[in-house]
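Reader: Please take me through this chain one feature at a time. I would like the general idea of each feature and then the case at hand.

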Amino acid sequence: MSLPEIASREEWRRARQELLVKEKAATRARDALNAERRRLPMVEVDTEYVFEGGDGKATLLDLFEGRHQLVVHHFMFAPEGETGCPGCSAFLDQVGQLAHLHARGTTFAAVSRAPYTRILPFKARMGWTLPWYSSYGDDFNRDFEATLEQEGQLVERPGVSCFLRERDRVFHTYSTYGRGLDGLGSTTSFLDLTALGRQEEWEGPKGRASAFGAPAGSERIRYHDEYEE
C-alpha cells in the first residue's frame, strides 16, 4: 500500500499552504461554474405526469409541496425489482436533514419506475422518511433521460433533475447523471444545482437571493427543529 511521505510539522505546514492556494482557486472556479449553471435557460414542463406516493396520486406540481423549487433524485428501481439500486441507496443514506432545504423554498424527493407497492417495503427497510414517488407507467424517467433505450432494452442511470415553480407553471432548469452526482448529498450541494442557488447575496446572477421576499440564505439558518414553514 502506498502511503504519504513522513515529514516534520513545518514541512507539512508548507505543503499544506501550497495546496490551500489550489483549493481556493478550485472554490472560486466552482462558484463561477455554479453561476453559469444558474444562467442556463429553463424549459416549461407541459406534460401531465402522474406519480404515486404516500398520499395517493400526485402531479409534478404536487411534488413541490408548495415550495418554489424541486430537486428530484432519479432512483434506479426497475418495475420488476424487489429492491432498489445499492448505489442509489447509499446516495440516499447520506442525504441529511431536509429542513434546511425547505427553509430555502426547496423540496427534495426520490422518483423511481417501480410501482409504489414495491417501493414502500424497501423504503421501510431502509428507514427513510423522505418523499419517494413511483412513476410506474409514466414517461417521466424517459423524458428526463434517466431511462434510456439501448439496443431495444431500457437502461436506467442515476441522476438528479431540478425544477422551478412560478405559480402553477413548472420549469425544468437542470439535470445531471452518473458521475455528476459525485459530491452531492448536502444542503448546499443540492442548492448549487438549482436556479436560485444558495440564495446568498454574493452569488451571481444578482437578484435571486431574495427573489421571493425571504432573507438571504445564510440569514435563514436555524436548528432544524426551529424552522417555521
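**Reading the chain**

Author: The chain has 7 helices and 10 strands, where helices (H or I, at least four residues) and strands (E, at least two) are DSSP runs numbered from the N terminus. This is a predicted model, in which local features need pLDDT of at least 70, side-chain atom pairs count only at pLDDT 80 or more, and totals for chains, interfaces and linings use all residues. Residues are numbered from 1 along each chain as its sequence is written, and side-chain values use heavy atoms, with hydrogens and water left out.

Reader: What percentage of the residues in the chain is buried?

Author: Buried means under 20% relative accessible area (1.4 Å probe, protein chains only). Of the 229 residues in the chain, 44% are buried.

Reader: Which residues touch the most other members of the largest nonpolar core?

Author: A nonpolar core is a set of buried Ala, Val, Leu, Ile, Met, Phe, Trp, Tyr and Cys residues joined through side-chain atoms within 4.5 Å. The largest one has 27 residues, and those touching the most other members are Phe75, Phe91, Leu92, Phe108, Trp132, Val160 and Phe190. Two or more residues each come from α3 (86-93), β5 (106-112), α5 (116-126), β9 (159-166) and α7 (187-191). Another core, of 16 residues, lies apart from it and includes Phe51, Leu63, Phe163 and Val170.

Reader: Which residues is Leu92 in contact with, leaving aside its neighbours within four places in sequence?

Author: Contact means heavy atoms within 4.5 Å. Leu92 is in contact with His73, Phe75, Phe108, Ala110, Trp128 and Leu130, those neighbours left aside. Across the chain, residues 24 or more positions apart account for 61% of the contacts with a separation of 6 or more.

Key
Buried means under 20% relative accessible area, exposed over 50%, partly exposed in between (1.4 Å probe, protein chains only).
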